[in-house]
Amino acid sequence: MEEPNRISPDEEQSPDFQSPPAAATAAVARREQVAAAIGTCADCGAPTTYSPPPSWSDISPPPIYRPIRAPAINLPPNYNPQQAIILAPVPHAQKVPAVSPPYLFESPVKRIHSPDDIRRFHDSDSAKNFLGFVVALSESIRGHKISDSCHQSPVVTAVVSNLDSLVQLVDEIPPLAQSSRYGNYSYRTWHSRMVDDADSFMLRFLPEDLRSATIELMPYFADSFGNASRIDYGTGHETNFAAWLYCLARLGLIKEEDYQAVVSRVFMKYLELMRKLQLVYCLEPAGSHGVWGLDDYHFLPFVFGSSQLIDHKYMKPKSIHNEDILDNFSSEYLYLSCIAFVKKVKKGMFAEHSPLLDDISGVPNWNKVNSGLLKMYKVEVLEKVPIMQHFLFGWLIKWE
């Protein structure tokens, strides 16, 4: 009887000889490797839906970076505000030219409807001078606390008094009980009372030969405190208040020696009023960028506040994270006041609900913060059609 064929130890080690299950597994693996190499399906041999990704070459290696945070959603294509802000020149202060007779006051109207209109506006002397006025206000408060003594003209005193009366008017018109989160209807009553009294208020400080200017001043002032139909408020309304102050400067009623008082007295009272309106009547943020914006409602207080702190011996941009500093100095410095208010009305980690402000705290000095905010104000407010489409042009602020 013949012996069955025996398998030598060398044959057992050969890759061509394996047990039936192991051989099937190896065959499947080899087939998948071949299919992956030529871009076909391992089962049917058909081309795969997606071709394998190209490998990185030495000429173009993969990028090595770690993004700080995810980008904002729902932004227009090619939107790169940081690049626009970086490339923008730092605005400079300008003297405001006072008007002279004959006066040709007219009811201001809207002119901006497209990006082309925005470019036309920013190429005009009116836009450059208005922005220069904002820069001049910023420079006037540099190195000064809110409580520091300053020149205060009768016009400035009258404006502060009127704003104070509007603060008290809020107490006379309590909010209605309603279920909606934003937009208490009582605000419309307050706004209507404000508009009714605005004309008589301005006649208190306008000289006889400038009383006809109310036709041009009224629309700016009435639109400085939010929109009555939408019950919202944003940087566009704040810009209208700055435009109203600019018109007073054009009329010669506010002079350069008044600028410090305009910020430390007038604008502080305006900010107090707006915060009260926001809290009592739950004004909706108009055009807010959410966490990707500087603030839900305001911009200029950060500009003026950063100017205050330039060359301060002890307080740096990172000092906003020190609660003791905020508690003790927010009444004297606008920037700290704004940060304290943000932390009061928003819950959670500061870096999460206000990432832009958190990033700014890493800037080495206040001078860079101030110049950056001025450029940002021009790009993010004065060059945005949704904001500036409501801006008004008349004889004092010309459409050129």
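A disulfide is a pair of cysteine sulfur atoms within 2.5 Å, and this structure holds zero of them. What you see above is a predicted model, in which local features need pLDDT of at least 70, side-chain atom pairs count only at pLDDT 80 or more, and totals for chains, interfaces and linings use all residues. Residues are numbered from 1 along each chain as its sequence is written, and side-chain values use heavy atoms, with hydrogens and water left out. Let's take a tour, topic by topic.

**The overall picture**

- Of the chain's 400 residues, 44% count as buried. Buried means under 20% relative accessible area, exposed means over 50%, and partly exposed is in between, using a 1.4 Å probe and protein chains only.
- Contact here means heavy atoms within 4.5 Å. Among contacts between residues at least 6 apart in sequence, 77% join residues at least 24 apart.

**Cysteines**

- A disulfide is a covalent bond between the sulfur atoms of two cysteines.
- Cys-150 is partly exposed, because its relative accessibility is 23%.
- Cys-247 counts as buried, because its relative accessibility is 0%.

**The nonpolar core**

- A nonpolar core is a set of buried Ala, Val, Leu, Ile, Met, Phe, Trp, Tyr and Cys residues joined through side-chain atoms within 4.5 Å.
- The largest such core has 109 residues, and Trp-190, Trp-244 and Tyr-335 touch the most other members. Helix H10 gives the most to this core, with 12 residues.
- Leaving aside neighbours within four places in sequence, Trp-190 is in contact with Leu-166, Leu-169, Val-170, Ile-173, Phe-225, Leu-273, Leu-277 and Tyr-281.

- Ser-186 belongs to helix H7, which covers residues 186–203. Ser-186 counts as buried because its relative accessible area is 5%.
- Beyond neighbours within four places in sequence, Ser-186 has contacts with Ile-173, Pro-174, Pro-175, Leu-176 and Tyr-281.
- How do H7 and helix H8 cross? Their axes come within 10 Å and cross at roughly 145°, with H8 covering residues 214–222. Axes are lines fitted to C-alpha atoms, for helices over the stretch in contact, and angles run from 0 to 180 degrees between N-to-C directions.
- On the H7 side, the residues that meet H8 are His-191, Met-194, Val-195, Ala-198, Asp-199, Phe-201, Met-202 and Leu-203. On the H8 side, their partners are Thr-214, Leu-217, Met-218, Phe-221 and Ala-222.
- The residues of this contact divide into 10 nonpolar, two polar and one charged. Ala, Val, Leu, Ile, Met, Phe, Trp, Tyr, Cys and Pro count as nonpolar, Asp, Glu, Lys and Arg as charged, and the others, Gly among them, as polar.

- Leu-217 lies in H8, and it is buried because its relative accessible area is 0%.
- The C-alpha atoms of Leu-217 and Ala-243 are separated by 9.3 Å, with the two residues 26 apart along the chain.
- Leu-396 sits in the segment after strand E4 (392–393), and it is buried because its relative accessible area is 2%.
- How far apart in space are Leu-396 and Glu-106? They are 8.8 Å apart, C-alpha to C-alpha, and 290 residues apart in sequence.
- Leaving out residues up to four places away in sequence, Leu-396 touches Val-99, Phe-105, Glu-216, Leu-217, Tyr-246, Cys-247, Arg-250 and Leu-251.

**Backbone details**

- Most residues other than glycine have a negative phi, and most peptide bonds are trans.
- The peptide bond from Pro-101 to Pro-102 is cis, with omega near 0°. Pro-102 lies in the loop between helix H3 (81–87) and strand E1 (109–110).
- Ile-231 is not a glycine, yet its phi is positive, near 55°. This residue lies in the loop between H8 and strand E2 (232–233), and Ile-231 is buried because its relative accessible area is 3%.
- Cys-282, also not a glycine, has a positive phi of about 50°. Cys-282 is found in the loop between helix H10 (259–281) and strand E3 (284–285), and it is partly exposed because its relative accessible area is 30%.

Methods:
Helix = DSSP H or I, 4+ residues; strand = E, 2+ residues; numbered from the N terminus.
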